[in-house]
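Biologist: I am new to this structure. Please show me how to read its features.

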Amino acid sequence: QVRLVESGGGLVQTGGSLRLSCAGSGGSLRSYSMGWFRRATGKEREFVAAITWNDGSTKYGDSVLGRFTISRDNAKNTVYLQMNNLKSEDTAVYYCAADFKPATSRLVQFDYAYNYWGQGTQVTVSS
């Protein structure tokens, strides 16, 4: 059973950048499609980005498209989320999630498709 640990969150000013990391243990993340989600206070969990396990294709939520980049380093068993040009509305707890060898990539934006979740890391963007 894979375990996920996020890191890299913190406080940043509007327009700044952060890189989140999601480190896996207990299994190789190369067999998992990986997603990043976030939840702001008082709001529902929102899809941010995903990367598939087989061909590395990516998908992004509309609110982060062009600003965030998801990537993976299978040798380090880690998935990253590079966040640029941060806005106050990006403030949230960010979670990474893993889905073992899904048969389709059409569900990567839905949280119910993922079996494993990290504990989250807080990102706060101040104006």
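Biologist: Is N77 buried or exposed?

Modeller: Buried means under 20% relative accessible area, exposed over 50%, partly exposed in between, with a 1.4 Å probe and protein chains only. N77 counts as buried because its relative accessibility is 15%. This is a predicted model: local features need pLDDT of at least 70, side-chain atom pairs count only at pLDDT 80 or more, and totals for chains, interfaces and linings use all residues. Residues are numbered from 1 along each chain as its sequence is written, and side-chain values use heavy atoms, with hydrogens and water left out.

Biologist: Where is N77 placed?

Modeller: In the loop between β7 (68-73) and β8 (78-83). Strands here are DSSP runs (E, at least two residues), numbered from the N terminus.

Biologist: What should I look for in phi?

Modeller: Most residues other than glycine have a negative phi. N77 has a positive one, near 55°. K101, also not a glycine, has a positive phi of about 40°. K101 sits in the loop between β9 and β10. With 42% relative accessibility, K101 is partly exposed.

Biologist: How many salt bridges are there?

Modeller: A salt bridge is a side-chain nitrogen of Lys or Arg within 4 Å of a carboxyl oxygen of Asp or Glu. The whole structure has four. One of them joins R38 and D90, with the closest N and O atoms 2.9 Å apart. That pair links distant parts of the chain: R38 is in strand β4 (residues 32-39), D90 is in the loop between β8 and β9, and they are 52 residues apart. R38 is buried at 4% relative accessibility, and D90 is buried at 0%.

Biologist: Which residues are linked with R38 in a network?

Modeller: Salt bridges link R38, E46, R67 and D90 in a network. Within it, D90 and R67 meet at 2.7 Å, N to O. R67 is in the loop between β6 (58-60) and β7, 23 residues from D90.

Biologist: How do I find empty space inside?

Modeller: Rolling a probe the size of a water molecule over the atoms shows where empty space is left. On a 1 Å grid over the protein atoms alone, a cavity is a set of points where a 1.4 Å probe fits but cannot get out; lining residues have an atom within 4 Å of a point. Grid points are joined across faces, edges and corners, and a volume is the space filled by probe spheres set on the points. There is one cavity of 30 Å³ or more. The largest cavity holds about 40 Å³. Its lining includes S33, D99 and L107.

Notes
1 Å grid on protein atoms, 1.4 Å probe; cavity = no way out; pocket = protein on both sides within 12 Å on 5 of 7 lines; lining within 4 Å. Helix = DSSP H or I, 4+ residues; strand = E, 2+ residues; numbered from the N terminus.
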